[in-house]
Amino acid sequence: MRASLARTVPSLTPTLASISPLRLTPRRAPLRKYTMAPPARPHITLYVDVVSPFAYQAYHILRTDPLFHPLTKTYIPIFLGGLMHKCGNTAPMRIANKDKWINAERLRWASHFNIPISPSLPADFPPNTLPVQRALCALTNNPEGEEGQAKLIQALDALYEAYWVRSESVHQAEVLRGVLEGVFGREETERVLSAAKMEGKTRLLENTERAFREGAFGLPWMVCTNAKGETEGFWGVDHLGCVAEFMGLEREKAKGKGWKALL
């Protein structure tokens, strides 16, 4: 019986001859495409408050001087009083001797760069600019977009001229309303002033906190990113020469006696 089963059941043990040789085909790893990161776009963020004459001057130079035309700029309204308090800083007008020097400095830089400015300080200087700055923050829901920046520039141009050239009390409600109506019309101005009470207030707090996080302790404060992707903060209109050098601009081609005096 066992013999017959052995004859009928095929052997399950393979022979060497029955095994096909294993062929290994090398697999190539997929080629990875590496792309170089595009160079950073040179950019300057300038924090502003209408109360600061030096922020006005830095704004005017960044806006109008041909040296800065190749750069993109973003203007961000903050409340300087809140920033100074957060830093434990003291306003120049409250420091003996500096209060007199700072006014001479204001006129000196305005003269060097041909910036329109009143020879005397506004009668109520320095005012509480919270209403102005909240209104600036309420102009648009996208303040750093192209349209938002265009509206902000229109408003800043008008407010700076009203306060620092004509010495108008722009922090007073009716004066502020009149300046904004001259730019945006009555209906849009009403919307902005209404939004300033909530949205503008919140955004102004956020902007001021952002300026503090980015190193600001006064105005003008400029956060600059050059073509190498390097970012650095600069304070003061008198340091615009350092800004130009950091941004890789050809300062030697700049015109005007102001550029010879800058750090």
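Trainee: How many bridges join strand β1 to strand β3, and how do the two run?
Mentor: Five bridges join β1 (residues 43-48) to β3 (residues 221-225), and the strands run antiparallel. Keep in mind that this is a predicted model.

Trainee: What stands opposite Ile44 in β3?
Mentor: Cys224 does.

Trainee: OK, the sheet. What's the strand order?
Mentor: β2-β1-β3-β4. It is an open sheet of four strands with mixed pairing. The edges are β2 (72-77) and β4 (231-235), each pairing on one side only. On average, neighbouring strands are turned by 20° against each other, direction ignored.

Trainee: Which helix lies across β1 and β2?
Mentor: Helix α2, residues 53-64. It runs at about 150° to β1.

Trainee: Back to Ile44. What is it in contact with, beyond four places in sequence?
Mentor: Its contacts include Leu62, Phe68, Leu71, Met222, Cys224, Val243 and Met247.

Trainee: And the largest nonpolar core: which residues touch the most other members?
Mentor: Ile44, Phe68, Leu136, Leu240 and Val243, out of 69 residues. Helix α6 (residues 146-165) gives the most to this core, with nine residues.

Trainee: New topic. At what angle do the axes of α7 and α8 cross?
Mentor: Roughly 130°, and the axes come within 8 Å. The crossing is right-handed.

Trainee: Which residues meet there?
Mentor: From α7 (residues 173-184), Leu176, Arg177, Leu180, Glu181 and Phe184. From α8 (residues 186-213), they meet Arg186, Glu188, Thr189, Glu190 and Leu193.

Methods: Residues numbered from 1 in each chain as written. Predicted model: local features only at pLDDT ≥ 70, side-chain atom pairs only at ≥ 80, totals over all residues. Heavy atoms only, no water. Core = buried A, V, L, I, M, F, W, Y, C linked by side-chain atoms within 4.5 Å. Buried < 20%, exposed > 50% of the residue type's maximum accessible area, 1.4 Å probe, protein only. Contact = heavy atoms within 4.5 Å. Pairing = 2+ DSSP bridges. Axes fitted to C-alpha atoms, helices over the stretch in contact; angles between N-to-C directions. Left-handed = near helix turned anticlockwise from the far one by under 90°.
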